[in-house]
Amino acid sequence: MRFMLIPRPSSIEPTHSEAAFDEAVFIAQMKYNEEMHKAGVLIASEGLSPSPGAHVVFKDGKASVKDGPYAETKELIGGFYVLEVASKEEAIEWARRYPGGMGNDDVMEVRPLTGAGDIPPELVTLIEKVAPTWSQTFKKQS
């Protein structure tokens, strides 16, 4: 089973960009990444740049681009982890090991990713028909 771990602040108080760099916290974060990698559960781990991105908004079949920054953003996500583990409980155990401390990372959200086993068989068949190459990787995630 694949899960996404999303560290995020519990409030909109200090953000990563406002917090002073703490080498000890950074080292703890990197050791956490290394531990998951060595355990063979880490599929991906990336930080998200605090620089403004863009929102692509879809309305009435048309896409428009809204450039940042976004004053309405209340929960800055600084990065994510994708894990492949045996159960939700195992994903939670990895989340509990997260060292935190990078600004205001008070909450580690644990979300299951959708696999082929989560989708009705008729939709899996449709996916295989319209996306034959990608569907092979999608089926491996189940």
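A residue counts as buried under 20% relative accessible area, as exposed over 50%, and as partly exposed in between. By this scale Arg97, with a relative accessibility of 43%, is partly exposed. The model described here is a predicted one.

The protein has 142 residues, of which 23% count as buried. Its secondary structure consists of 4 helices and 6 strands, and these follow one another along the sequence in the pattern β-α-β-β-β-β-α-β-α-α. Among the contacts with a separation of 6 or more, 76% are between residues 24 or more positions apart. The protein exposes about 9,800 Å², and 56% of this area is supplied by carbon and sulfur atoms.

The interior was examined next. In soluble globular proteins, nonpolar side chains tend to be buried together. In this model the largest nonpolar core has 14 residues, and Tyr32, Met36, Tyr81 and Leu83 are those with the most contacts inside it. At least two residues of this core are supplied by each of β1 (2–8), α1, β5 (79–84) and α2. Helix α2 gives the largest share, with 3 residues. For Leu83, the contacts beyond four places in sequence include Met1, Arg2, Phe3 and Leu5. Leu83 also touches Met36, Val41, Leu42, Ile43 and Trp94.

Helix α1 spans residues 23–38 and contains Asn33. With a relative accessible area of 16%, Asn33 is buried, because the cut-off for this class is under 20%. Apart from neighbours within four places in sequence, Asn33 is in contact with Leu42, Ser45 and Tyr81. With Tyr81, the side chain of Asn33 also forms a polar contact of 3.3 Å.

Together with Phe21, Phe26 and Ile27, Met30 forms a nonpolar patch on the surface. The accessible area of these four residues together is about 390 Å².

Not counting residues up to four places away in sequence, Arg97 touches Tyr32 and Glu35. Arg97 and Tyr32 are 65 residues apart in sequence, yet their C-alpha atoms are 7.6 Å apart in space. With Glu35, the contact of Arg97 includes a polar one between the two side chains, at 3.0 Å.

A further position was examined in strand β4 (residues 62–67), which holds Val65. Val65 has a relative accessible area of 54% and is therefore exposed, since the limit for this class is over 50%. Beyond four places in sequence, Val65 touches Ala54, His55 and Val56. Between Val65 and Ala54 the separation is 11 residues in sequence and 6.6 Å in space, taken from C-alpha to C-alpha.

Methods. Residues numbered from 1 in each chain as written. Predicted model: local features only at pLDDT ≥ 70, side-chain atom pairs only at ≥ 80, totals over all residues. Heavy atoms only, no water. Buried < 20%, exposed > 50% of the residue type's maximum accessible area, 1.4 Å probe, protein only. Polar contact = N/O pair within 3.5 Å; in protein donor to acceptor, adjacent residues only side chain to side chain. Contact = heavy atoms within 4.5 Å. Patch = residues over 30% accessible without salt bridge, like charges linked within 9 Å, V, L, I, M, F, W, Y side chains within 5 Å. Areas by Shrake-Rupley, 256 points an atom, 1.4 Å probe, with all protein chains shown as cover. Salt bridge = Lys/Arg side-chain N within 4 Å of Asp/Glu carboxyl O. Core = buried A, V, L, I, M, F, W, Y, C linked by side-chain atoms within 4.5 Å.
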